[in-house]
Every structure is written in C-alpha cells, then in structure tokens.
Amino acid sequence: MTRSPRTTRSARVATGALAALLIGMTVLPGAAAAPVPRAAASSETAKSDPVTLAALFDNNNGDGDPFGGSNFGAPGPPTITMAEIRAARAAEQAARRAAQAARRAAHARAIAAHRAANAARRAAKAQAAANRRAAQRAASAASALANWNRTGRPNQLVIVRGRHIDLVVNGRMTNRVVRAAGPLTLATLAKYLPAGWLSLPGNGSAQLTASVVLTAGTLLDNGPDVHVLNLASGPNSNTAAGLWVGHATLNLHGLTVNAVDPPAGTPAATAQRGFLVAGNGGTLNVADATLTNLGAPPPVKPVVPPAPAPSTRAVPGARTPPTPAPAPVVLPAGTRNEPGIAFSPGSTGSVVRSTLKGNGIGLKLAGSRNVHLDTVTMTQSKADGLVLRGDQGTTMKAVHSQHNAGNGVLVNGASSPRPISGFDTLGNQRFGLAVIRQNQPQISNVTSVGDQAGGVRLTATTGAAVTNVSSTDSPVGLIVNGGSNHLKLTGVHTRGGLRGIVATGGVSALEIASAQVTDAGRAGIAVAATDANLHQLTISGSTTGLQISGRAARTTVTDAHVSGGHTGIRIAEGASVVALNQVTTDGVSGTGISTAAPGTKITNARVTGGTTGINARAAADITSTSVSGVNEAIHSGPAVQVTGKKVDLLAAATGVKVDPNGVFLLTDSRVRAHLALRGQVDLFGANTISPPPFNWVGAFGVLFIALAFLLELAHFIRQRRKVRVAFAPVKRAVPVPATATAPAPAPVAAHVVVTPAMASAVAGGTVAGNTVAGGGRGESLLEMEPPTEAIPIVAPPSTPTVAPPSTPTTGVKWPASPRRAAAARATIERADEPAFFEPVAAEPAPSQPAAGEPAASQLAAETGPAADLGQDRPDPAAESEPEPAAGESAGRRPSPRPRSRTMRPSPRPRPTPYRRSNAPAAESNATDTATGDQLETHSNGTGPSDNGDRTVEAPVAVDAPNTGAEANRHDDTEDPEIRAAS
C-alpha cells in the first residue's frame, strides 16, 4: 500500500523523538556503564525497537532487577556518542528519502494506470452507448416492421409509444417524434402526425387515413372534441384505416365510428373497411357509441356459374367431364381480413349501450378474457352477428343480434364449461344460436324469433345443458346433430315453424324435459337418437305431435300430452325398444297413436278424439289404456299380434279391427262400439263387449214394406168403388129452332169405366148446353175442350153436305160449317147412379175426294138450291145417325190433352156466344114467329134469345165462320194460317 508523503514525515519525527528519549534514559542511570557497541546501537536505532519501562531502569547486571538492588552502584555499558547518533539519524533520513522516492514513483505509476483505466472505461461506455443506440434503432425498426406486417401492411402507420411516436411509411420507419408522457386524445395525436393522416375539420368530426397502433403503457381517448370518426377504406388492408390496441387502452365513448366506402370498382371479395382490434393485453372500452359498416365479411366460396348450354345434343351414355372447382379467393400478400370490431386472444374490455350495424362481423371475441357486453345490438352484419371463439369469462346482458346474413350468435373454437346466455336473435338468415364442437356449455335464457334456418343448433357438442330457450316462427326450433351426446334440454319452448325439437341420427344420451311445442307444421318433436328420454312434454296444434323415426333406439316417453293436429304420436318402422307411458292425445283429426315398430309398449295412455285411436301395424303391447271419442278404437295391422290388457275402448264405429292374418289378444277389457270386434280377436279373462247394434235400416225397411202393403190394400179396396164415365165425340153446332120437326134419336146408355187417360180427357172439358139422357130438358153436361184432332165414335154420314143458299135470308140463320175438330162430350156420374150415353152425329173431317168422285161444289151445283128458302133448315143433330158398333166407343183412344180437375156443371146460365157477321143489322134482326119454348131455351143459354123486338136469333158458336164468307164460298177457318193462329 502506498503512503502519502505527509504521513511518512510524521512517522519519522515521532521515531526520532522516541529514540532521543531512550538514549537519554539510558545514559542517566549510570555513567560508568560500559558503552554500547555502535553496531548494536545503530542496529537498534535503525530498527527503532520500542523501549520498555523496565529497560529504562535496568542496571545492566543481568539479574533483571530494574532498580539495581545490591548492584545499584555497578558501572553500565558504554554510552552512544553524539556522532553516532547523528550518523544513525542521517542514515535513517536517507533511508526515508529512498523509501519516499520509491513511493512517489509507485504513486505516479498508479495514477497513470488509473487514468488509462478511466479512459478505457469512457471509451467502452461510449461504445456501449453507441451500440445501444444502434440496437434501439434496429429494435424500433424491427418493431415498426412487425407492427406493419401485423396490421396488414398499411401504407401509413402510426406507432404510439410512451415518450415518442414512430411514423412508418410502407414498412420503413421514417421519423420518430418525441411526445409528452401521459394519455393522448385524437386532437392531441393529430399535432404529431403529418398533414392528411388525421384531419380534424373543427366540426366535431375526424378523418383517419392511417392505421394507429397503441403500444404498452399508452392510452388513447376520443376526447370531448371528436364525436364522429370516419375511417378510410380501400381495396384491401393496405389502404384501410384501423385502430390497434396492444397492451394499451382505447376508450371510445359518445362516438359514432363510420367506415368510408371504398373506391368505385373495388372487388367486394377483397375490399377492406376500417376496423377496431384489441390485441393481446389490450383493453378496448366502447360506451354509448354507434359503429357502422366496419370491417369485411370472411371470404366465402364463389358461386359456381351454371354451365353453358351445349350447342349440340348430348350423346346418350357419353361421360360428361366434371366441372372444375372454382378458384378460392386469394387476398393480396400480407393483407388481412378484419371483421370490424374484434377482441383478440388475451384482450379484455367492454361494449355497453352501443349499436353495431352493417359490419363484416358484428362483434368477434376470439380468446378474449372477461369481456362485458351490456345492451348491445348487432344488426345487418354481412356475416354472423356475434362470434364467440374460445373466449372465457364473457358476460352478456340484453344482447340483441338481428337481421344478420349469417348466424345470430356463433360459438366455436376452443371449448370450456362456459355460460352462454343473456341474448336474443331475430330474423337472421341462418340459425339464431349455433354451438359447434363445444364441451359442457351452459346455454340459458336465449330467445329466437323468425330465424330462417332455425332457432338453436347444437352440433358435435358434449355435455350441453340447455335451459329456458324459446324459438318462434323458425323452421326448426332446436336441432341437435353431428354426433352430440349427453345433452339435457329443459324448458324448451317453440311456436310455429315446421318442426319444434329435432334430434337427428348419431345423437345419443339425450334428455328432453318440460318442453312445450305449439303449432308445428310437420312434427312437434322428431327423435332419431339413441337412448333418448322424453318426459313432461306438451305438444299442441302440430301436424304430428311426436315422431320417433326408424333410427331411434331405446326411446322412452313419459308424461306427454298431445292435442290438436292430425297424428298424436307416430313411431316409424325400424325403431327399437320404444315405450310410451302416461301419454295423452286429445282432439287429433287422424290417428292418436300410430306405431310400425315391433315391440312397442303403450302403458297408461289415454286417447280422445280422432278417426283411429291406436293404429298398430306391428306387434305391440297395450296396457291400461283408454280410447274414446273416435271412429275406430284400435286397428291391428295384417299378420301381427297385438296384446291389449285392461283397455277401455269407446268408439262410434269399430272397437277393435284386425286385418287379415292378424290376431288381437284382449284381456280384462271393455269394448263399446257400434261394431265391437272385427277380425280375429281372442278374449281372455273378464271382458265387457257391447252387443251387435240394432239394425235400424232393416227395421225401417220392414216398416216401409208393411206401409206399402197397407196402402196397396187400401187402393185395392177403393178400386171397387169405380168411377163411371160416358163420353162421345160432339159436334159443336148451333141449336136448331124449335120448329125443327125431326125427332131426336133415342138415347143410348153407355156404362164406361174411367181410366186415368180418359179421366184426363174428361177433366179438360167445359159445360155445354146438351140434354142429359134420362133427365129434364135444359140440364147442362160436362163438355171437354176440343182436342187437337177429334176421333169420332160413329162413322160420318154418307150424304154430301149441301151448300147454303147464296142469297141472304131473314129470321133463323143457317148454322155455319163446323170446325175440323169436333169436341167430345162426356157425362161423369157416380158409380151408384145410372149413366147414359147420347150419341151425337159428328161432322166428318174434311178430306180430299177420292179419285173419280165429284167434289163437294160439284155436288152442290147438281143438287141446286133449296125449294123453299123461307122454310127452316132441319137440324143436322136431329137427324138419325147410325149407332156405333159394339165396343167402338170403348176402343177409342183418349185425348192427348193433359189431365185437369173434373168440374161439375154449373147451374148458372152461360152467356150465349154469337157468331161473327158482316151482314147488316136488319138481316140479323129479322122478325120471325117463335114459340115461348124457344125464347126460354135461348134465355137459359141453350137456344135463341129475344132481343126485345120479338126477333129470334139463333145462337152461334164463337168460332163459327162468317155468313158473308159462306156466301162467297170461303170459310176463314179453313185457311191454314188463320187456323194455326187460332
């Protein structure tokens, strides 16, 4: 160790003083003492040994007594001289100087070495600082490059750090700006950025064209000055603006974030809009905000265009080349496809009272931690509304996912026993909630309305617990597929749609409890799973309440109530080990329970209403079951054996119907029906079977036959009281004057039985003034209307008809020529009264003269006029006529006129019809002498009448021809046109 010069000098002074003291003490006790040898003295002085107190008082006699004792007076050793002392002192000083020189040289060397070391240290420190600065610059550049690649290689990138801001252009850091430590706002950030990167026009809006990355320890807030933030969009992520949060915090509140539309002509498959992303360790908080049109939907496979129609017809049997698969959508190198707003793995935050509209994906949580969603609406997204992928600790309350192009809520990715609840879906194009490949998810309080694919979908999910889930007007309320197993569905409510709850093949260990399905178009609950347990089901208004398909195995249904619809429970062929216990169907229009699965067991079932209660097309066992209000209680299919024990059947038509080759074993049961048993039914035990029904149709048939017999007997009895009818063809002629002298022929009685045709002919007649045979003069008879063509009973007279005179006459006029058709006259009398027939000569029908016979006009010319014109013309009716041959009147055909009611003759006189005449009044009122009988006959309507001047005028038929026409030899009744008109 090197001592300082001052310390060495003090040591020498002290040593010298001590040496002088020792010398003085040595000399003083005895002068005679022998002198100390110089060499010893010099050695001792040189050594500078310390002198003890005993040595100072020693007499040098060797006895060790310092006080000398008895030898006190003896002489001591010789003393040291001053010269010796000076020499020793000089030697000591020389030695000291040499040592001091050596020490100074060593000190100088040490100082030089120290200075060299300091210089080396300074150089190393400078080098280290330079290296550190270089490394920092390299790290900053590397960090900037990494951020540039991670953010989709934007053209402009802003990296916000704790005390500075890095500006990156096309992946190269161009500048670093120092900033004040602490939180930043958008307005403050704009001051550090180049012009055009973040613009604030001053109207509360901001335009961001660059991507911003927040690094560790930084915080960015929109601040009170910005209320609208517009993010740039572009053909890809190079030109889109985004906000990235990495180990930092971004707070957006009271803000509207919009994405500006990309330039025109941008391909929709690669277009990227502005977005928000919370990275690992980042915190994103959004409150009272509206985020619109952010991000882009995930790439989808393009639609395969239809193959063009071939120009020629395809050759039969020729192999068609396969259509090449479309090329997948490839994004530019390094670009990204961001959904809009996303929480990446390790991020956290919250979205409260906000609306996310028109984003690529409304909101995506991928591996996030403890994100809180409250009163959030995701609508009109281009893909799924909410994506939960491997997130943990997410809490949701009043979350709405509506009218999205994909699923309302999609849960996939890494699975964990996490809760999924607190949201509702509406009108999404796919499922309201889709859970894919999850383990033990807890799904509750989910509401789906009008989702186009279905309400809830569970695919390849294990151990899921679904509670209080409802679906309305979706094609499928809840579907379980993809090999899901160990599922428990409790409190599922569906309304409308095609199917309520569906469990497809491959699903196992399924439990459905307390489910309610209403108005399903096809099937309320359709099960094709294995080991399914269904209990406490309520199904109403569904076409098929419960359908168990052919792939189902070991299915148990307990306490199920089905009402309405067509079929209550349908079990398809191929299902195995199906048991129905305490099931009820009520008011179905078709079949209550239909089974085609062998070995089906039906216990404690109750079927009310429908066409068929239980339709068993395969072997079944029915126990303690009641069927009522149906047309057919139990229908057993062909070649099957069905067992019924303690069943109560009440049907309108058939109790038990067994098809051919089938058998029904009935034990201790009651069957009440119109026809209780049909087919082979074997009875065992105490059975109550209703008797065959009373044949009411046969009873009424017997009653009607008896009634018909009685009516026929009454008719036969009444036929014995026959109605007698007398009729004959009558010539409708004018009565002759009383002066006629020709006697009337004797009346001929005719007893005629009236047939229906004859009665009809008689009933159509009118009353005429004819004399009844055997009666008084002036009585009226029932006269028939003239038929279309009269059928005379007697042959016409052979004498020709004489033409009337051509000169006019006075007094009684000659009757006109009768019409072609002569009226028939009949008298109807009771069977107990005599009936008389008065044959009257009928005027022959005009006919063409035979060949060689003279015409009527020629005969009239040959005969000439009458001898006396003043003499009355005889009455043709009074002329004697030959009687008809026997049976001639009976064989006469009845009149073709319709039947009419028979009329009795009226006692009231009928008005006398007068003929049409063109003659002067003097001619028609010519005086004549008439008797009182004639006047009386005419006044009664049966003869001529007195018109006050005692002039008698003969009655003329209404359709009699005109006298002037008679004179001119023309009868208008013979004109075909006039006759047809009359």
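Colleague: Which residues touch the most other members in the largest nonpolar core?

Modeller: A nonpolar core is a set of buried Ala, Val, Leu, Ile, Met, Phe, Trp, Tyr and Cys residues joined through side-chain atoms within 4.5 Å, where buried means under 20% relative accessible area, exposed over 50%, and partly exposed in between, with a 1.4 Å probe and protein chains only. In this structure the largest such core has 122 residues, of which Val 158, Leu 386, Leu 433, Leu 489 and Ile 525 touch the most other members. A second, separate core of ten residues includes Trp 148, Val 168, Val 213 and Val 277. This is a predicted model, in which local features need pLDDT of at least 70 and side-chain atom pairs count only at pLDDT 80 or more, while totals for chains, interfaces and linings use all residues. Residues are numbered from 1 along each chain as its sequence is written, and side-chain values use heavy atoms, with hydrogens and water left out.

Colleague: What does Leu 489 touch, not counting residues up to four places away in sequence?

Modeller: Contact means heavy atoms within 4.5 Å. With those sequence neighbours left out, Leu 489 touches Leu 458, Val 466, Leu 478, Val 480, Ile 501, Leu 510, Glu 511, Ile 512 and Ala 513.

Colleague: In what sense do strand 23 and strand 25 pair, and over how many bridges?

Modeller: Helices (H or I, at least four residues) and strands (E, at least two) are DSSP runs numbered from the N terminus, and two strands pair if DSSP finds at least two bridges between them. Here strand 23 (residues 419-426) pairs with strand 25 (residues 442-449) in the parallel sense over seven bridges, and Leu 426 stands opposite Val 449 of strand 25. Strand 25 also pairs in the parallel sense with strand 27 (residues 465-472), over seven bridges, and there Ser 444 has Thr 467 of strand 27 as its bridge partner.

Colleague: How many salt bridges does the structure hold, and which residues are linked with Asp 166 in a network?

Modeller: A salt bridge is a side-chain nitrogen of Lys or Arg within 4 Å of a carboxyl oxygen of Asp or Glu. The structure holds eight salt bridges. One of them joins Arg 176 to Asp 166, with the closest N and O atoms 2.6 Å apart; the pair links Arg 176 in strand 3 (residues 172-178) to Asp 166 in strand 2 (residues 164-169), ten residues apart. Arg 176 is partly exposed at 34% relative accessible area, whereas Asp 166 counts as buried at 0%. Arg 161, Asp 166 and Arg 176 are linked in a network of salt bridges.

Colleague: Which parts of the chain are tied together by Arg 353 and Asp 288?

Modeller: The side chains of Arg 353 and Asp 288 meet in a salt bridge of 2.7 Å, N to O. Arg 353 lies in strand 17 (residues 348-357) and Asp 288 in the loop between strand 14 (283-287) and strand 15 (290-292), so the pair ties together parts that are 65 residues apart in sequence. Arg 353 is partly exposed at 47% relative accessibility, and Asp 288 is partly exposed with a relative accessible area of 41%.

Colleague: Is Trp 696 buried or exposed?

Modeller: Trp 696, which lies in helix 6 (residues 696-719), counts as exposed because its relative accessibility is 55%.
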